[in-house]
Amino acid sequence: MRLKALIVAVAASIAALTALSGCSSQEPYTPPEATPVVSSPAIGQDGVLRVGVNSQAAPLAGSNSAGDIVGFDVDLASAVADELGLKVEIVDVKDAGDDALSGGEVDLVMGVEQDAFGGDVWTSDPYLQTAIALFSSDSSASAPTADSSPVIAVQTSSTSSWMAENEFGAPALVRESGLVEAFEAMGSGEAGYVAADAVRGTYVVSSNADLSGSIVALMQQPTGYSVAILATNTELQEAVQNALDTIVNGGMIDVLDMKWLGTEWDLSSVPLTAGATAGTTSQETTEGEEGTTSGPSEAGGNAVTPSEAAEA
């Protein structure tokens, strides 16, 4: 009798647990909605952060084979919006980010160098270092000097070509239509170096199996890509900077570095060339900077788009 009673009790317990499990599977967990940190008039539309990017500036932003805008800035914009309790809307502003910002089309613009838009615009602390860099097929190569007569492949009509010519002279340059062609020229031995924006050049190499090159020197002190917001919008400035600090300190930015550049990203220890400049100049903006929203892209006639692998 005692054994029979025990069997009945165990069976009842199993039946109760099964019933509870069934109820649980029918009621999936729904996370609570985040409370927005900012609202209008700090943003143009309640609940939505409208972010301007330049879709011609991979890996910051570019179009994949499906026509979607993807990239480092797109991922970062989503993370910032999450921190602010908002949904994100990506707006392709091309190279007219300042006009989109002043015209109220977007709340902020990403991928902007700190002095690109002038005094009417506030820029955040840089979230991604960059500089005009020299790449070599030999990762142990030393920084060249003008006296060493280096041969440097550049993209025509780019900031990199202007800076390389300014430091090493016009005869040192092999001018190509795009960055891919510049790296191909180095790979074939036609040039010993490639001059390019550090971020754009690294992305081109990491997303093309047939290309190689490592940064061996910088032709300017590292600058960086920042978020731009109207100078009068102090509420959004504070909220975005706090969100960026959380993302950077929490390690999310390192994840994006690996995803889009294929490496941990730190230019602080890279040596400078003898004629390295202090940073961005007004002529750089006029000539066009790779990957910024203030001038033409250095992708040239064969713009580099984010690879399918990078989207994973």
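**Notes on a predicted model**

1. Start with Gln237. Beyond the residues within four places in sequence, Gln237 contacts Trp122, Ile229, Leu230, Ala231 and Thr232. Contact here means heavy atoms within 4.5 Å. Gln237 sits in helix H7 (residues 234–249). Is Gln237 buried or exposed? Gln237 counts as buried because its relative accessibility is 9%. The classes are buried under 20% relative accessible area, exposed over 50%, and partly exposed in between, with a 1.4 Å probe and protein chains only.

2. Ground rules. This is a predicted model: local features need pLDDT of at least 70, side-chain atom pairs count only at pLDDT 80 or more, and totals for chains, interfaces and linings use all residues. Numbering runs from 1 along each chain as its sequence is written, and side-chain values use heavy atoms, with hydrogens and water left out.

3. Confidence. The mean pLDDT of the protein is 85, and 79% of residues reach at least 70. Residues 17–24 fall below 50, and this stretch has zero contacts in the model beyond near neighbours in sequence. Residues 281–312 also stay under 50, yet the model gives them 106 contacts beyond four places in sequence. pLDDT is the predictor's confidence in each residue, from 0 to 100.

4. Overall make-up. The protein has ten helices and 14 strands. These are DSSP runs numbered from the N terminus: helices are H or I with at least four residues, strands are E with at least two. Of the 312 residues, 46% are buried. Take contacts between residues at least 6 apart in sequence: 77% of them join residues at least 24 apart.

5. Cores. The largest nonpolar core holds 60 residues, and Leu49, Phe72, Leu76, Tyr127 and Leu128 have the most contacts inside it. Helix H2 (residues 72–83) gives the largest share of this core, seven residues. A second, separate core has 15 residues, among them Leu134, Ala164, Tyr193 and Val216. A nonpolar core is a set of buried Ala, Val, Leu, Ile, Met, Phe, Trp, Tyr and Cys residues joined through side-chain atoms within 4.5 Å. Leu128, past its neighbours within four places in sequence, touches Leu60, Phe72, Val199, Gly224, Tyr225, Asp257, Leu261 and Trp265.

6. Aromatic pairs. There are two in the structure. Phe72 and Tyr127 are stacked, at 6.2 Å centre to centre with 15° between the planes. This pair links distant parts of the chain, 55 residues apart: Phe72 is in H2, and Tyr127 is in the loop between strand S6 (121–123) and strand S7 (128–130). Both Phe72 and Tyr127 are buried. Phe135 and Phe183 pair edge-to-face, at 5.3 Å and 80°. They lie 48 residues apart, Phe135 in strand S8 (residues 132–136) and Phe183 in helix H5 (residues 179–187). Phe135 and Phe183 are buried too. Rings of Phe, Tyr and Trp (its six-membered ring) pair if their centres lie within 6.5 Å; planes under 30 degrees apart are stacked, over 60 edge-to-face, and the rest tilted.

7. Helix H5. Its buried residues include Leu179, Val180, Ala182, Phe183, Ala185 and Met186. Their cover includes S8, strand S9 (152–155), strand S10 (173–176), strand S11 (193–197) and H6. Just after H5, Gly189 has a positive phi of about 90°.

8. Helix H6. Why is H6 (residues 198–206) largely enclosed by the rest of the structure? Eight of its nine residues are buried, so the helix is largely enclosed. Asp197 caps the N-terminal end: a side-chain oxygen is 3.0 Å from the backbone nitrogen of Val199.

9. Backbone points to check. Most residues other than glycine have a negative phi, and most peptide bonds are trans. The Ser40–Pro41 peptide bond is cis, with omega about 10°. Pro41 is in the loop between helix H1 (2–25) and strand S1 (48–53). The bond from Ala58 to Pro59 is also cis, with omega near 10°. Ser149 has a positive phi near 50°; it lies in the loop between S8 and S9. Ser149 is exposed, at 58% relative accessible area. Ser157 has a positive phi near 60°, and Ser157 is exposed at 54%.

How values were computed
Polar contact = N/O pair within 3.5 Å; in protein donor to acceptor, adjacent residues only side chain to side chain.
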